[in-house]
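Please open the model in your viewer and keep the selection panel at hand.

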Amino acid sequence: MKRLLLALATAASLGLGLPLPAAALDPATTTASDQNYLARVPYQTYFADYLALRKGREAEIIFIGDSITEQFRWGSGASVWNRRFEQRAFDFGLGADRTQHVLWRLDNFDLSFLKPKVAVIMIGTNNVNNEAEDTAAGIKAVIAATQKKFAGVKVVVVSILPNSRAEQRMAEVNKLVAPLADNKTIWYLNLAARFTPEGDNWKGLSGDKLHLTTAGYTMWADELEALLAVVQK
């Protein structure tokens, strides 16, 4: 009971519009943690360089997430990113991030030079050991922290994609997160529906059955841009 009360208090402090599901017991997913970023010294250098490169350059879109988001900019998604988002977006992805790690980075990075109109959030796939309700609570916390960080920002929450580690659990998370969309300040993009089964893998995923191929990033870009046309009206 004490853990549940702590989780509910954390949600309230973040200004979440909806209460946590009654089954949520783990406050870790909604509590900012530096355990990923500070443990990755090479990333600190790499990201500092990216921040320095982008200082003074605004972006109308910020992408927030883990390695799937990070690799949009420099991995197999780079060609798609350079053609469709480089001139108008900022990539705030970090490999291995969970919801709690994104919360810490939003708290501790000076992104005041950015004035995004839209935040695209895809997070939760690395919360593989958490119950679906806890991961959903973490995603809600990330949404609230993003709205607090960037006044007036519109949020597009992207569904967690299928993967071989916890496909069913992530599908359950998506079902809990989808109702957050009010189509006024928050929109839900069911990208997972495009990543259909294909042999022993899924369309758009690489051989590790987790990360995206270039075709997968093209699918993401296509679906996102169609929704952005509505969001940015």
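Which elements each supply at least two residues of the lining of the largest cavity? They are β3 (118-122), β4 (154-158) and α7 (167-177); helices (H or I, at least four residues) and strands (E, at least two) are DSSP runs, numbered from the N terminus. The model is predicted, so local features need pLDDT of at least 70 and side-chain atom pairs pLDDT 80 or more, whereas totals for chains, interfaces and linings use all residues. Residues are numbered from 1 along each chain, and side-chain values use heavy atoms, without hydrogens and water.

Lining residues have an atom within 4 Å of a cavity point, on a 1 Å grid where a 1.4 Å probe fits but cannot get out. The volume of this cavity is about 40 Å³, counted as the space filled by probe spheres set on the points.

Now move to helix α3 (residues 67-74) and helix α8 (residues 214-231), whose axes come within 11 Å and cross at roughly 100 degrees. Axes are lines fitted to C-alpha atoms over the stretch in contact, with angles from 0 to 180 degrees between N-to-C directions. α3 and α8 are therefore roughly perpendicular, a term for angles of 65 to 115 degrees. To display the contact (heavy atoms within 4.5 Å), select Ser-67, Ile-68, Thr-69, Gln-71 and Phe-72 in α3 with Tyr-217, Trp-220 and Ala-221 in α8.

Finally, show the whole protein chain, which has eight helices and seven strands.

Terms used:
Parallel < 35°, antiparallel > 145°, perpendicular 65-115°, else oblique. 1 Å grid on protein atoms, 1.4 Å probe; cavity = no way out; pocket = protein on both sides within 12 Å on 5 of 7 lines; lining within 4 Å.
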